[in-house]
Amino acid sequence: MEAAGTVLARGEDVDGLEVGDAVLGFALTGGGTYAETTVLSVLNTARIPEGLSVTVAATLPVAGTTAVDVLDQLGLPAGATVLVNGVGGGVGLAAARLAVGRELRVIGTGSTAKREHAAAIGVRFIDYTAGDVVSAARELVPDGFDGIVDLVGGASLRTAVAPLAQDPRNVIAVGDMSVPDLGGRFVERRIDRENLERFARLAIEGALSPVITAVHPLSDAPAALATVENGHTSGKVVIKVA
């Protein structure tokens, strides 16, 4: 659903964007970006600022913006503790890097293969394949977490991480819509042009620096997607059309 590239044509009512502009944004129909050309929604498309590569820009509309949204929604002060459940993916690593930049104490859960990238940005890592997540988390933060960002959902959210929050309201889920049943909240998304431009500036400033672990040609899209779906990647995988 996300893409970055060059405007080839525009609709009659499109303002603020011109043919030839480098842009990032969301597909008009919610999908269809694994192609040489696609149609983006004007309300959810912004120019790529000078100094930001197209490859990095392509990672921002979903993962980058979600990471900023969850941390803004939590609004934790410097020194607070935050647990990122599922820290190894694109959203998780972006949220963790932003949280570290905001001087939060970040603990993240993930599989063994995700440890290296998470630890490199300052995350205290809990390997869920090596032992009990709840016990390990409570050992690190006995009084409970000030905030929790959940990217896993399901039983992991309900029985493991949600009870670790000091205040259930500070459990923010990205994928599991049942989080209000636990007293938590679903992430509030801001993907209009103004916010896309803001997120792009954060990327240029280094506050939002996506971890890109692989760039594949379009012909390798099936293999790239299979790797992501099998859970063997950390950060973002980019498909480059040309």
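Throughout these legends, buried means under 20% relative accessible area, exposed means over 50%, and partly exposed is in between (1.4 Å probe, protein chains only). The model is predicted, so to speak plainly about what counts: local features need pLDDT of at least 70, side-chain atom pairs need pLDDT 80 or more, and totals for chains, interfaces and linings use all residues. Residues are numbered from 1 along each chain as its sequence is written, and side-chain values use heavy atoms, leaving out hydrogens and water.View 1. With a relative accessible area of 14%, D21 is buried. Setting aside neighbours within four places in sequence, D21 touches G5, T6, V7, G16 and R47 (contact means heavy atoms within 4.5 Å). A polar atom of the D21 side chain is 2.7 Å from the backbone nitrogen of E18.

**View 1. The salt bridge between R47 and D21.** The closest N and O atoms of R47 and D21 are 2.9 Å apart; a salt bridge is a side-chain nitrogen of Lys or Arg within 4 Å of a carboxyl oxygen of Asp or Glu. R47 belongs to strand β3 (residues 40-47) and D21 to the loop between β1 and β2, so the pair ties together parts that are 26 residues apart in sequence. R47 is partly exposed, at 38% relative accessibility.

**View 2. Strand β11 and its partners.** How much of strand β11 (residues 236-240) is buried? The count is 4 of the 5 residues, so the strand is largely enclosed by the rest of the structure. Strand β10 (residues 212-217) pairs with β11 in the parallel sense over 5 bridges (two strands pair if DSSP finds at least two bridges between them), and A214 stands opposite V237. K236 also forms a salt bridge with E2, with 2.7 Å between the closest N and O atoms. K236 is in strand β11 and E2 in strand β1, so this pair ties together parts that are 234 residues apart in sequence. K236 is buried at 14% relative accessibility, and E2 is buried at 16%.

**View 3. A salt-bridge network around D72 and R190.** D72 and R190 form a salt bridge, their closest N and O atoms being 2.7 Å apart. D72 is in helix α2 (residues 60-74) and R190 in the loop between β9 (185-186) and α7 (193-205), 118 residues apart. D72 is partly exposed at 25%, as is R190 at 27%. The network links D69, D72, R102, R189, R190 and R198.

**View 4. E103 and its positive phi.** E103 isn't a glycine, yet its phi is positive, about 65°. E103 lies in the loop between α3 (90-101) and β5 (105-110), and is exposed at 58% relative accessibility.

Terms used: Helices (H or I, at least four residues) and strands (E, at least two) are DSSP runs, numbered from the N terminus. A polar contact is a pair of N or O atoms within 3.5 Å; within protein, one must be able to donate a hydrogen and the other to accept it, and residues adjacent in sequence count only if both atoms are side-chain atoms.
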